[in-house]
Amino acid sequence: MKPAIQVHDIIKSYKDVKAVRSISLEIARGEYMALLGPNGAGKTTIMEMIEGIQKPDTGEILINGLEWQGNEKRLHRILGISLQETRFIDKLNVRETLALFASFYKLPRSRISTILDMVNLENKSTAYTENLSGGQRQRLALGIALLNQPEILLLDEPTTGLDPSARREVWNILMDLKENGETTMILTTHYMEEASYLCDRIVIIDHGKVLARGTLDELLTKYSAGEIIEFSVGGTFTEADFPAKQNIIKIKFDQNTSKWSLVVQDLVEYLPKLQHEFETKNVYLTSLECRKMTLDDLFIQMTGRRLDE
Ligand SMILES: Nc1ncnc2c1ncn2[C@@H]1O[C@H](COP(=O)(O)OP(=O)(O)O)[C@@H](O)[C@H]1O
Ligand SMILES: [Mg+2]
């Protein structure tokens, strides 16, 4: 069977900004894939090219083996799209908004009730869209994307700005859909947790390029040989004071928080050595946190920046 989406070496510039430098992606049927990257990474530009809203300068995009040119109608029938920012008509209520979009696809009215139920907006069906909360707006946008029972969902930052419980509601809807195995999805996000919870594969993007890709486990195994110790101390302790430097992958001191952050090969082996050094130098711990590397840490290691910056 053909992959649901094939992106071959696409490039896109806006005047002097190289938004997408050379990206290739392949998404299998039934797969959920995350494009994970900070603001300005090029996520929306990539999505809009897949959605047929923009054309790449060079490169090729195939959806179910079809290019956009000449197949617009067919592709619109199988795609469900939610843009990074959805503008609704303020003077329509939730049900009327869905009815308007349903009329584009000539869907039966019963589909609207099904969607209201799916995205948990039944009790808001008569509310004007201008009075919806952020989470409700995002769920309405998702409901519109789901109206035509799309094979392929393309969601641009569906949970950005939502509080954790509203985000969780969107996740639940997407996980329910995943169960039937018939929906393919690309979602963009700068939440590491979202990418790892929802998606089979993660593509980390920055400056219009792929930095890394794989399943969460593959990414963590391949790129993050290490565990993290974060601590702060009372007394004098400098970089020169760290013992067994051959076991340290990275040392950083954050001036703002006065915290040391250490990446070591083996936490259990290193921690006693550090503690011993503290004792000989008369230094005492004021905070200590030990953890495995996350994708956020990985991203910082790769780019020197945080995902949510
Ligand atoms: N219409 C546009 N005109 C000029 N530059 C743009 C336009 N859209 C996006 N860009 C630039 O392209 C880069 C990628 O943007 P975008 O695809 O929106 O990234 P993301 O969605 O990851 O935040 C950024 O540097 C952005 O400023
Ligand atoms: Mg964007």
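**View 1. A nonpolar surface patch in the predicted model.** I89, L100, F104 and Y105 form this patch and together present about 370 Å² of accessible area. Patch members have over 30% relative accessible area and no salt bridge, with nonpolar side chains joined within 5 Å. A salt bridge would be a Lys or Arg side-chain nitrogen within 4 Å of an Asp or Glu carboxyl oxygen. Areas follow the Shrake-Rupley method with a 1.4 Å probe, and for residues only the protein chains shown count as cover. L100 sits in helix α3, residues 94-104. Its relative accessibility is 32%, so L100 counts as partly exposed. The classes are buried under 20%, exposed over 50%, and partly exposed in between.

This is a predicted model, in which local features need pLDDT of at least 70 and side-chain atom pairs 80 or more, while totals for chains, interfaces and linings use all residues. Residues are numbered from 1 along each chain as written, chains are lettered from A and ligands numbered from 1 in written order, and side-chain values use heavy atoms, without hydrogens and water.

**View 2. The magnesium ion, ligand 2**. Its protein donors are T44 (OG1) and Q84 (OE1), at 2.0 to 2.2 Å. T44 belongs to helix α1 (43-50) and Q84 to the loop between β5 (79-82) and α3, so the pair ties together parts 40 residues apart in sequence. Donors are N, O and S atoms within 2.8 Å of the metal (3.2 Å for Na, K and Ca); water is not among the atoms, so sites may look incomplete. T44 is partly exposed at 23%. Q84 is partly exposed at 32%.

**View 3. Helix α1 and its cover.** Six of the eight α1 residues are buried: K43, T45, I46, M47, M49 and I50. G52 follows α1 with a positive phi near 80 degrees. Helices (H or I, at least four residues) and strands (E, at least two) are DSSP runs, numbered from the N terminus.

**View 4. The six-stranded open sheet**. The order is β5-β6-β7-β3-β8-β9, with mixed pairing. β5 and β9 (209-214) are the edges; each has a single partner strand, so one side of each lacks a neighbour in the sheet. Twist averages 15 degrees from one strand to the next. Four bridges join β5 to β6 (152-156) in parallel. I81 has L154 as its bridge partner in β6. Strands pair if DSSP finds at least two bridges between them.

**View 5. The β1-β2 hairpin**. β1 (5-14) and β2 (17-27) pair antiparallel over seven bridges. Y14 stands opposite V17. Two residues separate the strands, and K15 in the turn has a positive phi of about 45 degrees.

Conventions:
Patch = residues over 30% accessible without salt bridge, like charges linked within 9 Å, V, L, I, M, F, W, Y side chains within 5 Å. Buried < 20%, exposed > 50% of the residue type's maximum accessible area, 1.4 Å probe, protein only. Axes fitted to C-alpha atoms, helices over the stretch in contact; angles between N-to-C directions.
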